[in-house]
Amino acid sequence: MKKLLSARMRFFILTITAFLNLNSFAAPVLDTSIAPMLKTVTPAVVNIKAQIKVTDINALRELQKQRGPSGDNSQPVSGIYVSIASGVIIDAKQGYIVTNAHVINDAQSIMVTLSDGRHFKAKVIGIDKPSDVALLQIKAKNLTAVPISDSNLVKAGDFVAAIGNPFGLSQTVTSGIVSAIGRNTLGIENYENFIQTDAPINPGNSGGALINMQGQLIGINTAILAPNQGNVGIGFAIPANMANSVVNQLIKYGSVKRGLLGIGAQDITPDLASAFDIGTTSGAAVTQILPGSPAEQGGLLVGDIITSIDGSPIKNASDVVNTIGFLRVDSKIKINVLRQNKAITVSVTLSDPKKRLEAIEHLDPFFYGVGLKNFSQLSPIHGDVNGVLVVSVEEDSKSWEGDLRPGDVITSVNQQKIKNIDELKTAIAKRISSCLLMCFEEQALSS
């Protein structure tokens with residue numbers, strides 16, 4: 001009986017020991033919370049309140065409609081619209097805050113609220129509408145800046161968190177993954193290379209931070225695809241590298257002065273790749289060279305396939321636009337191309353696009369900024385009308401200042417009837433010659 005009891009005791013002890021040993025090999029419980037990481041990042045995300053004066057009553061109503069559930073659309077329409085959004089501190093020492101241009105454009109005053117509740121009036125360092133990036137500055141101590149990551153390393157499937165001020169709810173964090181990278185041709189901005197994410201982004205998140213799981217900034221939240229003014233899991237952020245490129249120019253110059261290359265380009269389709277006898281669809285085919293442009297002067301030709309610009313790989317035509325779009329006037333760049341399946345390098349110095357426009361305007365001052373089309377119509381009031389239809393007029397052109405508007409039909413010049421564009425040009429040329437002759441005669445008489 002004692003031996004049996006002793007054997008049972010030994011079995012019980014061995015069982016407990018084995019159980020304890022098994023537990024010692026069990027996987028440790030993982031901490032899945034991102035709270036420790038957020039604790040170091042959220043102080044760098046600020047709330048922005050900008051007072052914007054709106055003179056267009058229809059534009060003001062549209063802005064108020066876009067406020068969503070947080071807006072009180074029953075209030076009387078006034079000339080001041082309050083833009084509530086987000087920003088990210090990128091330099092604690094200098095007090096630099098990056099946000100979206102559409103958040104503060106035309107703002108009369110901008111107030112920044114930190115995560116600790118402090119309020120500061122912000123100064124606008126620079127705004128770049130084409131990229132939708134703006135830089136603010138506040139004078140404050142004990143600020144926290146978020147470290148900036150190389151957004152070229154971002155991949156679809158990476159876990160991310162969005163921090164901002166949706167609907168005025170300060171310091172809100174949502175999470176998700178990177179759904180796609182390199183989103184372009186969305187028609188949101190002039191320069192697009194968006195990071196797409198399913199981390200919920202709503203009105204008020206604009207200008208806020210998209211961060212990776214290391215607490216680094218990878219993008220500035222900018223836009224959402226929202227058919228019903230609500231989040232459907234499709235948000236877009238400006239890559240940190242793109243935003244940083246703009247910010248550096250805003251700090252140094254106060255503006256982004258983009259250089260002109262002077263080409264038209266298109267993606268390499270499988271059919272084009274076959275026609276060019278290349279084994280890849282990566283790159284951009286040059287389809288147009290502007291006369292007198294840096295591209296022409298540098299030796300680029302129609303049919304060249306651009307593979308890289310200053311070491312940055314070119315996958316498609318949008319890459320060309322985005323790469324050139326963030327290079328400053330007078331930048332000297334090297335463009336690698338395939339020409340008849342041979343790799344060559346072309347050196348180009350980007351020019352000032354405004355100077356080119358000024359030169360074009362000087363050569364053709366009457367038609368600069370005006371789109372024209374031959375017009376012929378039988379009108380029940382005016383009878384058989386033949387002339388030139390004004391299709392478009394740029395608002396900063398001399399024609400606009402002279403009260404020429406889209407929809408006008410030009411039927412005569414100085415009481416001389418014209419029926420088409422050729423006759424219009426001839427009549428204007430005669431007018432110019434007549435004016436020059438009068439000027440010469442006046443100078444001769446005065447001398």
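Analyst: Contact here means heavy atoms within 4.5 Å. Keep in mind that the model is predicted.

User: With that cut-off, which residues is S206 in contact with, leaving aside neighbours within four places in sequence?

Analyst: The partners of S206 are A85, S86, T99, N100, H102, V103, N221 and T222. S206 itself sits in the loop between β10 and β11.

User: Why is S206 called buried?

Analyst: Buried means under 20% relative accessible area. S206 has 14% relative accessibility, so the residue counts as buried.

User: What makes the pair S206 and H102 a polar contact?

Analyst: The cut-off for a pair of N or O atoms is 3.5 Å. The side chains of S206 and H102 make their contact at 3.3 Å. That is within the limit, therefore the label applies.

User: How do you know that β10 and β13 pair?

Analyst: Two strands pair if there are at least two bridges between them. β10 (residues 194-197) and β13 (residues 235-239) have three, in the antiparallel sense. T197 stands opposite G235, and I195 stands opposite A237.

User: Which strands close into the barrel, and in what order?

Analyst: Six strands close it, in the order β8-β9-β10-β13-β12-β11. Neighbouring strands are turned by 45° against each other on average, direction ignored. Helix α5 (residues 240-253) packs on this sheet and touches β12 and β13. The direction of α5 makes about 50° with that of β13.

User: The structure holds two aromatic pairs. What makes the pair F194 and F236 tilted?

Analyst: First, the centres must lie within 6.5 Å to pair. Those of F194 and F236 are 5.8 Å apart. Next, planes under 30 degrees apart count as stacked and over 60 as edge-to-face, with the rest tilted. The planes of F194 and F236 are at 50°, so this pair is tilted. F194 lies in β10 and F236 in β13, so the pair ties together parts 42 residues apart in sequence. Both F194 and F236 are buried.

User: How do you know that R328 lies over the face of Y253?

Analyst: CZ of Arg must be within 6 Å of the ring centre and within 35 degrees of the ring normal. R328 is at 3.5 Å from the ring centre of Y253, and lies over its face. R258 lies over the face of F326, at 5.2 Å from the ring centre.

Technical notes: Residues are numbered from 1 along each chain as its sequence is written. This is a predicted model: local features need pLDDT of at least 70, side-chain atom pairs count only at pLDDT 80 or more; totals for chains, interfaces and linings use all residues. Side-chain values use heavy atoms; hydrogens and water are left out. Helices (H or I, at least four residues) and strands (E, at least two) are DSSP runs, numbered from the N terminus. Axes are lines fitted to C-alpha atoms, for helices over the stretch in contact, and angles run from 0 to 180 degrees between N-to-C directions. Buried means under 20% relative accessible area, exposed over 50%, partly exposed in between (1.4 Å probe, protein chains only). A polar contact is a pair of N or O atoms within 3.5 Å; within protein, one must be able to donate a hydrogen and the other to accept it, and residues adjacent in sequence count only if both atoms are side-chain atoms. Rings of Phe, Tyr and Trp (its six-membered ring) pair if their centres lie within 6.5 Å; planes under 30 degrees apart count as stacked, over 60 as edge-to-face and the rest as tilted.
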